[in-house]
Amino acid sequence: MRLLVDSGSTKADWIAIDEDGKVLFTTQTSGLNPEIIEGDEIIERLNERFDILQNKDKATHLFFYGAGCGTDNMKISLSRIFQEYFSNSIIVVEEDTYAAVYATTPKGEKAIVSILGTGSNCSYFDGKLLHQKVQSLGYIVMDDCSGNVFGKELIRKYYFNKMPKELALAFEKEYDLDPDTIKGELYKKSNPNAYLATFAKFLIQHKETEFCKKIIFKGMKSFVKNYIRQFENCKEVPVHFVGSIAFYLKDELQITFDKYGLQLGNVLRRPIDGLIAYHIKNK
């Protein structure tokens, strides 16, 4: 049994397949970003899912593609945790961009591949290898155009009284905006980036308002300038996206790309289905 996992900071999608690619079960855990949570919490999140707990000794391979796995230290740390838990498995840990590549470039063509979800990143795929121009420093200083950055911007606008009154009232009805609640989530609990990203849903729901449009297009402009245009051939290859922010704001991405002369490629909400096809082909 092979376990395929696509993990962001908010959630992780799991699919178990047999040697013929038949799906045995699917499940979802909270995100398993090793930069955000410790080993004990990772194990706790695995144990919460009966399918994973029941089958952990049956798994022969674990292919984990996750946010926060862009450095060797994080890969090694997470691999050790998984090796102890899935004791009979061969463990492979890669950053989440590889899952995005396998899902959006099924023929292995050259492309720029980006993730816009809770966090964000951007890489160039030359048909075989990934190349990055920007090393991510995490949600506090980077993650342009991501759910957590959009969420932070909404909270700031609300608390600085910069949000239109009608939207502010709707914002208050949708979320618990008590300052103690917000500070507790940000400074005392795990996954503050995932908490911030929950507010991005409001931005998407109200994306037709001028207030939200301004925030969205500002974020996209920043992502294009700081990430995509790092690659000299950015106008020569398609730019693919994976993630909920990209998926639900695809029209806005197209408008932004038209402005900068870029080619918008595939836009997928989740890469997990593409991983099945890739691993069947490369078993």
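1. Leu137, Ile140 and Val141 make a nonpolar surface patch of about 340 Å². A patch consists of residues with over 30% relative accessible area and no salt bridge, where nonpolar side chains (Val, Leu, Ile, Met, Phe, Trp, Tyr) are joined within 5 Å and like charges within 9 Å. The areas come from the Shrake-Rupley method with a 1.4 Å probe, and for residues only the protein chains shown count as cover.

2. Some notes on the source. This is a predicted model, in which local features need pLDDT of at least 70 and side-chain atom pairs count only at pLDDT 80 or more, while totals for chains, interfaces and linings use all residues. Residues are numbered from 1 along each chain as its sequence is written, and side-chain values use heavy atoms, with hydrogens and water left out.

3. Ile140, one of the patch residues, sits in the loop between strand 8 (130-131) and helix 5 (147-159). Helices (H or I, at least four residues) and strands (E, at least two) are DSSP runs, numbered from the N terminus. Ile140 counts as exposed because its relative accessibility is 62%. The classes are buried (under 20% relative accessible area), exposed (over 50%) and partly exposed (in between), with a 1.4 Å probe and protein chains only.

4. Cys145 lies in the loop between strand 8 and helix 5. With a relative accessible area of 2%, Cys145 is buried. Its phi is near 65°, a positive value in a residue other than glycine. Asn191 is not a glycine either, and has a positive phi of about 60°. Asn191 is placed in the loop between helix 7 (179-187) and helix 8 (192-197), and is buried at a relative accessible area of 10%.

5. Ile91 belongs to strand 5 (residues 90-95). Is this residue buried or exposed? Its relative accessibility is 16%, so Ile91 counts as buried. Leaving aside residues up to four places away in sequence, Ile91 touches Leu62, Ser79, Phe82, Gln83 and Phe86; contact means heavy atoms within 4.5 Å.

6. Glu252 is in helix 12 (residues 250-260). Its relative accessible area is 9%, so Glu252 is buried. Its contacts, not counting residues up to four places away in sequence, are Lys207, Ile216, Phe217 and Met220.

7. The structure has nine salt bridges. A salt bridge is a side-chain nitrogen of Lys or Arg within 4 Å of a carboxyl oxygen of Asp or Glu. One of them joins Arg270 and Asp13, whose closest N and O atoms are 3.2 Å apart. This pair links distant parts of the chain, 257 residues apart: Arg270 is in the loop between strand 10 (263-268) and helix 13 (272-281), and Asp13 is in strand 2 (residues 11-17). Arg270 is partly exposed at 38% relative accessibility, whereas Asp13 is buried at 6%.

8. Glu41 and Arg45 also form a salt bridge (2.7 Å, N to O). What separates them along helix 1? They are about one helical turn apart, because they are four residues apart in helix 1 (residues 39-47). Glu41 counts as partly exposed at 25% relative accessibility, and Arg45 as buried at 10%.

9. Lys133 and Glu232 meet in a salt bridge with an N to O distance of 3.3 Å. These two residues are 99 residues apart and link distant parts of the chain. Lys133 is partly exposed at 42% relative accessibility, while Glu232 is exposed with a relative accessible area of 70%.
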